[in-house]
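Open the model in a viewer and keep the selection tool at hand.

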Amino acid sequence: MADTLHAAGPASDHGHHSATGLSNNKLAMWLFLGSECLLFGGLISTYMLYRGRVSDGPHPSQVYDIPFTSVSSFVLLMSSLTMVLAVTAAQRNDDSKTNLWLTVTALLGATFIGGQVYEFTTFYREGMGFTTSLFTSSFYTLTGFHGVHVSVGVILLLATVGIIKRNKVTGNKAESVELVGLYWHFVDIVWIVIFTLVYLIPA
Amino acid sequence: MDTATAETHGEAHGEKHEHMSDAGYIRIALILAAITALEVSTYYVDFGPFFMPSLMIMMVVKFVMVVSYFMHLKFDNKVFSFLFYTGLALALFVYIVALATFKFFLQ
């Protein structure tokens, strides 16, 4: 009882906290990210199974542009740095730096998405449609799902910038930025795996 | 990692708000960039039998570095690590079994 009272008192200062004393929002985000591992695990393993199944259309090694994808990977990796700089700025209550780094992160994310759109367009022109082969279906599904996650991340980043600028953050501002950051870093680690397993390891 | 760069921002409700300095994060990013360059080099340079193991090791190192430092799991409450790594371990187990069922590892 005493513990419960102790937890309930200060919790009101930092938003909603569970009986463990941990933030409910952070617990939910980590649980969500844990479940996302299962989603991407399914998509990656499906791609691994089907990447050699090319009955029609080009083979993976014929279409992948490794230098281009390497630059895209580097851009996404560096967006993780700018994201963590936004989180530390938010923890220092430095709103202008927080917004700056969040905006840079969103721009880097948008650059990555632009690269993916270019890559998909190029592949399509080279005869690699969604239903051309099992390889193309699994490739577009995996990288497309990741691209949707990055796009959602960009929207979250820009929405956070807007909310901070209008001073409409309810609860702990640093934690709000950190939660968006956790999602963004997750998108990055998924790409770390995709880049190695899909692009660098030949079928 | 240079623990001297770590900063503590108070401890409340069992959550440790400890993190590295901005310079520390930049060092981590540089290491990640260097590993990425090494990964890309495996596409151009013949690593022989070390090709696959080196790529897998570099992928895991990058993954763990981002999760530990950028996502703060190294400094945060262990419950968060448990939630994430349980999901990851479950995914690895389920899909390795699934791939083994389709004889993927014998190809």
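Predicted model: local features only at pLDDT ≥ 70, side-chain atom pairs only at ≥ 80, totals over all residues.

Is Ser133(A) buried or exposed? Residues under 20% relative accessible area count as buried, and Ser133(A) is at 5%, so it belongs to the buried ones.

Next, show the stretch of chain around this residue. Ser133(A) sits in the loop that joins α5 (95–125) to α6 (134–165) of chain A. Colour these two helices to see the loop between them.

Which residues does Ser133(A) touch, once neighbours within four places in sequence are set aside? Select Arg53(A), Val54(A), Ser55(A) and Asp56(A): each of these is in contact with Ser133(A).

Then select the whole of chain A and switch to a cartoon view. Along the principal axes, the C-alpha atoms fill a box of roughly 65 × 40 × 20 Å.

Of the 203 residues in the chain, 55% are buried.

Switch to a surface view. The accessible surface of chain A is about 8,700 Å², and carbon and sulfur atoms hold 64% of it.

Finally, colour by charge. Chain A carries 10 positive and 12 negative side chains, and 6 Å separates the centres of the two sets.

Definitions and conventions. Residues numbered from 1 in each chain as written. Chains lettered and ligands numbered in written order. Heavy atoms only, no water. Buried < 20%, exposed > 50% of the residue type's maximum accessible area, 1.4 Å probe, protein only. Areas by Shrake-Rupley, 256 points an atom, 1.4 Å probe, with all protein chains shown as cover. Lys, Arg positive; Asp, Glu negative; His and termini not counted. Charge placed at Lys NZ, Arg CZ, Asp CG, Glu CD. Helix = DSSP H or I, 4+ residues; strand = E, 2+ residues; numbered from the N terminus. Contact = heavy atoms within 4.5 Å.
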